[in-house]
Amino acid sequence: MKYTLTLLSISLAILCFTFVEKPHSGPSIKISSPLANSIYKKGDTIKIKALVTAEYGIHNLALTVSPEGFPPMYTDNLHSHASSLNYEKSIVQTLKIKTKLKIKLVMKDDAGNLSAVDSVIVSTN
């Protein structure tokens with residue numbers, strides 16, 4: 001009887017842990033390159049790298065590169081249903097003026113109601 005109760009208790013504990021729903025972490029973007037405050041001259045290549053994850057699948061990832069006070073000089077859109085991806089894009093810095101560039105990634109997941117944003121500011125010289 002004692003062993004039956006112990007076995008029953010262990011079985012119930014295992015069942016409880018099996019059916020506990022994991023918390024949803026939501027989508028995330030982490031830009032790893034370029035580093036904030038990096039300086040790029042005209043003709044330099046800006047390598048953009050980011051880890052993008054979404055528990056429900058990535059639906060759309062949008063990149064914008066905007067000079068301070070101006071509309072975007074570069075945009076890119078990616079459609080995917082993966083739950084994670086390593087995003088990489090290289091662009092050439094073409095500006096002749098000294099300014100700041102905002103590199104921004106925005107993602108929406110397949111559930112449609114979650115999004116993630118990350119951005120970094122670099123400078124031109």
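Trainee: Is Lys89 buried, partly exposed or exposed?
Mentor: Lys89 counts as partly exposed, because its relative accessibility is 24%. Buried means under 20% relative accessible area, exposed means over 50%, and partly exposed is in between, using a 1.4 Å probe and protein chains only.

Trainee: Before I go on, what kind of model is this?
Mentor: This is a predicted model: local features need pLDDT of at least 70, side-chain atom pairs count only at pLDDT 80 or more, and totals for chains, interfaces and linings use all residues. Residues are numbered from 1 along each chain as its sequence is written, and side-chain values use heavy atoms, with hydrogens and water left out.

Trainee: Back to Lys89. What does Lys89 form a salt bridge with?
Mentor: Its partner is Asp76, and the closest N and O atoms are 3.6 Å apart. A salt bridge needs a side-chain nitrogen of Lys or Arg within 4 Å of a carboxyl oxygen of Asp or Glu.

Trainee: Which parts does that pair tie together?
Mentor: Lys89 lies in strand S6 (residues 84–92) and Asp76 in strand S5 (residues 74–79), so the pair links parts 13 residues apart in sequence. Strands here are DSSP runs of E with at least two residues, helices are runs of H or I with at least four, and both are numbered from the N terminus.

Trainee: And Asp76, buried or exposed?
Mentor: Asp76 counts as buried, at 18% relative accessibility.

Trainee: How many salt bridges are there in the whole structure?
Mentor: A search of the whole structure finds one.

Trainee: What about Asp118, then? Where is Asp118 found?
Mentor: Look in strand S8 (residues 115–124). Asp118 is buried and has no salt bridge. The nearest side chain of opposite charge is Lys30, 4.9 Å away. For charge, Lys and Arg count as positive and Asp and Glu as negative, while His and the chain ends are not counted.

Trainee: What does the side chain of Asp118 reach?
Mentor: The backbone nitrogen of Ile31, at 2.8 Å. Asp118 also touches several residues, including Ile29, Ile103 and Leu105, not counting residues up to four places away in sequence. Contact means heavy atoms within 4.5 Å.

Trainee: New topic. How many helices and strands are in the protein chain?
Mentor: There are one helix and eight strands.

Trainee: What order do the strands take in the open sheet of five?
Mentor: The order is S2-S8-S7-S4-S5, with mixed pairing. Strands S2 (39–40) and S5 are at the edges with a single partner strand each, so one side of each has no neighbour in the sheet. Two strands pair if DSSP finds at least two bridges between them.

Trainee: How do S4 and S7 pair?
Mentor: Strand S4 (residues 58–67) and strand S7 (residues 100–109) are antiparallel over nine bridges. In S7, Leu101 is the bridge partner of Pro67.

Trainee: And the order in the open sheet of three strands?
Mentor: That one runs S1-S3-S6, with antiparallel pairing. Strand S3 (residues 45–53) pairs with S6 over nine bridges. Leu51 stands opposite Asn86 in S6.

Trainee: Last one. Where is Lys42 found?
Mentor: In the loop between S2 and S3. Lys42 is partly exposed, with a relative accessible area of 48%. Lys42 and Thr94 are 52 residues apart in sequence, yet 5.1 Å apart in space, C-alpha to C-alpha. Lys42 touches Thr94, and among its other contacts are Gln93 and Asn125.

How values were computed: Polar contact = N/O pair within 3.5 Å; in protein donor to acceptor, adjacent residues only side chain to side chain.
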